Amino acid sequence: YFLALGEVAEEQLAWAKANTAVVLTELGDFRAALRLHEEVRAIWECRGAQLLVAKQDHNIAYVNLGQGHFTRALRSLRAERSAQLQAGFP
């Protein structure tokens, strides 16, 4: 339904999904949180929003951390940092 409303609605849906995923992480529903964060990441990646992709990498890292997947978490954080450097963040 939201996709039929255009790009602005898609962005709003992405933000809602990201916020829902953060709450799900806090509640311990890591599988659902990871799925939503990955969906949001794909949306931002399609739009070329490097810093928002990096933010999702950060969120994905915390989901992995919560599950005890430390190596995956570090990979996500490294991807986030690379995106920040490419965007010119110190």
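**Labels and the values behind them**

Reply: Start with Glu39, which counts as partly exposed because its relative accessibility is 28%, and partly exposed is the class between under 20% for buried and over 50% for exposed. Keep in mind that this is a predicted model.

Me: What makes Glu39 and Lys17 a salt bridge?

Reply: Their closest N and O atoms are 2.7 Å apart. The cut-off for a salt bridge is a side-chain nitrogen of Lys or Arg within 4 Å of a carboxyl oxygen of Asp or Glu, so the pair qualifies.

Me: How many salt bridges does the structure hold?

Reply: The structure holds six salt bridges. One of them joins Arg47 and Glu11, with the closest N and O atoms 3.1 Å apart. Arg47 is in helix α2 and Glu11 is in helix α1 (residues 7–27), and the two are 36 residues apart.

Me: How do you know which class Arg47 and Glu11 belong to?

Reply: Arg47 has a relative accessible area of 28%, so it is partly exposed. Glu11 is partly exposed as well, because its relative accessible area is 30%. Both values lie between the 20% and 50% limits.

Me: Now the helices. Why are α1 and α2 called roughly antiparallel?

Reply: Two packed helices are described by the angle between their axes and the distance between the axes. The axes of α1 and α2 cross at roughly 150 degrees and come within 8 Å. Angles over 145 degrees count as roughly antiparallel, so α1 and α2 get that label. α1 passes α2 in a left-handed crossing.

Me: What makes α2 roughly antiparallel to α3?

Reply: The axes of helix α2 (residues 30–47) and α3 cross at roughly 165 degrees and come within 9 Å. That angle is over 145 degrees, which makes α2 roughly antiparallel to α3. The crossing of α2 and α3 is left-handed.

Me: How do you know how α3 and α4 are oriented to each other?

Reply: α3 and α4 pack at an angle of about 165 degrees, and their axes are 8 Å apart. With the limit at 145 degrees, α3 and α4 are therefore roughly antiparallel to each other. Their crossing is left-handed.

Me: Which residues form the nonpolar patch on the surface?

Reply: Tyr62, Leu65, Phe70, Leu74 and Leu77 form the patch, and together they have about 500 Å² of accessible area. The elements giving two or more residues to the patch are α3 (50–66) and α4 (70–86). α4 gives the most, with three residues.

Me: Why is Phe70 given its class of exposure?

Reply: Phe70 is in helix α4. Its relative accessibility is 52%, and exposed means over 50%, so Phe70 counts as exposed.

Me: How do you know whether Gln86 and Arg72 are buried, partly exposed or exposed?

Reply: Both residues lie in helix α4. Gln86 has a relative accessible area of 64%, which is over 50%, so Gln86 is exposed. Arg72 has 47%, so it is partly exposed.

Me: How far apart in space are Gln86 and Gln50, and Arg72 and Ile60?

Reply: Gln86 and Gln50 are 8.5 Å apart, C-alpha to C-alpha, while being 36 residues apart in sequence. Arg72 and Ile60 are 8.9 Å apart, C-alpha to C-alpha, and twelve residues apart in sequence.

Note on methods:
Residues numbered from 1 in each chain as written. Predicted model: local features only at pLDDT ≥ 70, side-chain atom pairs only at ≥ 80, totals over all residues. Heavy atoms only, no water. Patch = residues over 30% accessible without salt bridge, like charges linked within 9 Å, V, L, I, M, F, W, Y side chains within 5 Å. Areas by Shrake-Rupley, 256 points an atom, 1.4 Å probe, with all protein chains shown as cover. Helix = DSSP H or I, 4+ residues; strand = E, 2+ residues; numbered from the N terminus. Buried < 20%, exposed > 50% of the residue type's maximum accessible area, 1.4 Å probe, protein only. Axes fitted to C-alpha atoms, helices over the stretch in contact; angles between N-to-C directions. Parallel < 35°, antiparallel > 145°, perpendicular 65-115°, else oblique. Left-handed = near helix turned anticlockwise from the far one by under 90°.
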